[in-house]
Amino acid sequence: MSWFLSLYRIQTLMVSGMAVIAETDMASGVYDRRPADYVFMLIFQWITLLTLAYFLNLFIIGIPLVLAIMHVWCNVNPDLIVTFCGMMELLGIITGHFFFFVKYKWPELGGPSLINTPAFIREIFPDEGGVVSGFGEAPASRQAQPERYGFTGRGRTLQD
């Protein structure tokens, strides 16, 4: 029995480590300055997993929730390779795939946007504004410096 518990702890540690990487990357990438959308994704996947857990008679949904977040992260970053195996991981993949498809792929295919972040979540977690990257005026350190007119001569080339 202690062998099983130690394997479960190792798996939990590994999944937790991967979750920190995935969530940090998502919070600074796709969901940068949009905390309401990120919280809505978490709540949506949590409710979906609770519904599945009720019908499948499961008591632990922590690992599937982490893997659902990782599945969305892997779809946002398709060049990464991550391997999943097991029933709990399968539930996370199903939940993450469902969210990613309905939120991102279905509207790209021409379908209506079926899930949007509710207004009350946006009021609790407002989008961060103020800084727009990629547009506008460059920061002072990157602006073109005025040309200095110290030496105006042509100088001597090597052929002279």
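From the N terminus on, the elements of the protein follow the order α-α-α-α-α, and the predicted model accordingly contains 5 helices and 0 strands, where helices (H or I, at least four residues) and strands (E, at least two) are DSSP runs numbered from the N terminus. Because the model is predicted, local features need pLDDT of at least 70 and side-chain atom pairs count only at pLDDT 80 or more, whereas totals for chains, interfaces and linings use all residues. Residues are numbered from 1 along each chain as its sequence is written, and side-chain values use heavy atoms, with hydrogens and water left out.

Of the 160 residues in the protein, 27% are buried; here buried means under 20% relative accessible area, exposed means over 50%, and partly exposed lies in between, with a 1.4 Å probe and protein chains only. The protein exposes about 11800 Å², of which carbon and sulfur atoms supply 65%, the areas being computed by the Shrake-Rupley method with a 1.4 Å probe, and for residues only the protein chains shown count as cover. Among the contacts in the protein with a separation of 6 or more, 68% are accounted for by residues 24 or more positions apart, a contact being heavy atoms within 4.5 Å.

Two packed helices are described by the angle between their axes and the distance between the axes. For helix H2 (residues 35-56) and helix H3 (residues 62-76), the angle is about 130° and the axes are 10 Å apart; axes are lines fitted to C-alpha atoms, for helices over the stretch in contact, and angles run from 0 to 180 degrees between N-to-C directions. H2 and H3 are therefore oblique to each other, given that angles under 35 degrees count as roughly parallel, over 145 as roughly antiparallel, 65 to 115 as roughly perpendicular and the rest as oblique.

The residues of the contact of H2 with H3 comprise 9 nonpolar, 1 polar and no charged, where Ala, Val, Leu, Ile, Met, Phe, Trp, Tyr, Cys and Pro count as nonpolar, Asp, Glu, Lys and Arg as charged, and the others, Gly among them, as polar. Gln45, which lies in helix H2, has 0% relative accessibility and so counts as buried. When residues up to four places away in sequence are not counted, Gln45 touches Leu65, Ala68, Ile69, Val72, Thr95, Gly96 and Phe99. Leu42, also found in helix H2, counts as partly exposed at 26% relative accessibility, and, leaving aside its neighbours within four places in sequence, Leu42 is in contact with Leu65 and Ile69. Leu42 and Ile69 are 27 residues apart in sequence, and their C-alpha atoms are 7.6 Å apart in space.

The loop between H2 and H3 includes Asn57 and Leu58. Most residues other than glycine have a negative phi, and most peptide bonds are trans. Asn57, although it is not a glycine, has a positive phi of about 60°, and at 58% relative accessibility Asn57 counts as exposed. Leu58, by contrast, counts as partly exposed at 26% relative accessibility. Beyond its neighbours within four places in sequence, Leu58 is in contact with Ala53, Met88 and Leu91; the C-alpha atoms of Leu58 and Met88, 30 residues apart along the chain, are separated by 9.5 Å.

Met88 itself is placed in helix H4 (residues 87-108) and is partly exposed, with a relative accessible area of 24%. Not counting residues up to four places away in sequence, Met88 touches Leu58, Ile60, Ile63 and Pro64, and a distance of 8.7 Å separates the C-alpha atoms of Met88 and Leu67, which are 21 residues apart along the chain. In the loop between H4 and helix H5 (119-124) is Ile115, which is buried, with a relative accessible area of 13%. Leaving aside its neighbours within four places in sequence, Ile115 is in contact with Phe40, Phe44, Phe99, Val102 and Lys103. Ile115 and Met41 are 74 residues apart in sequence and 9.9 Å apart in space, C-alpha to C-alpha.
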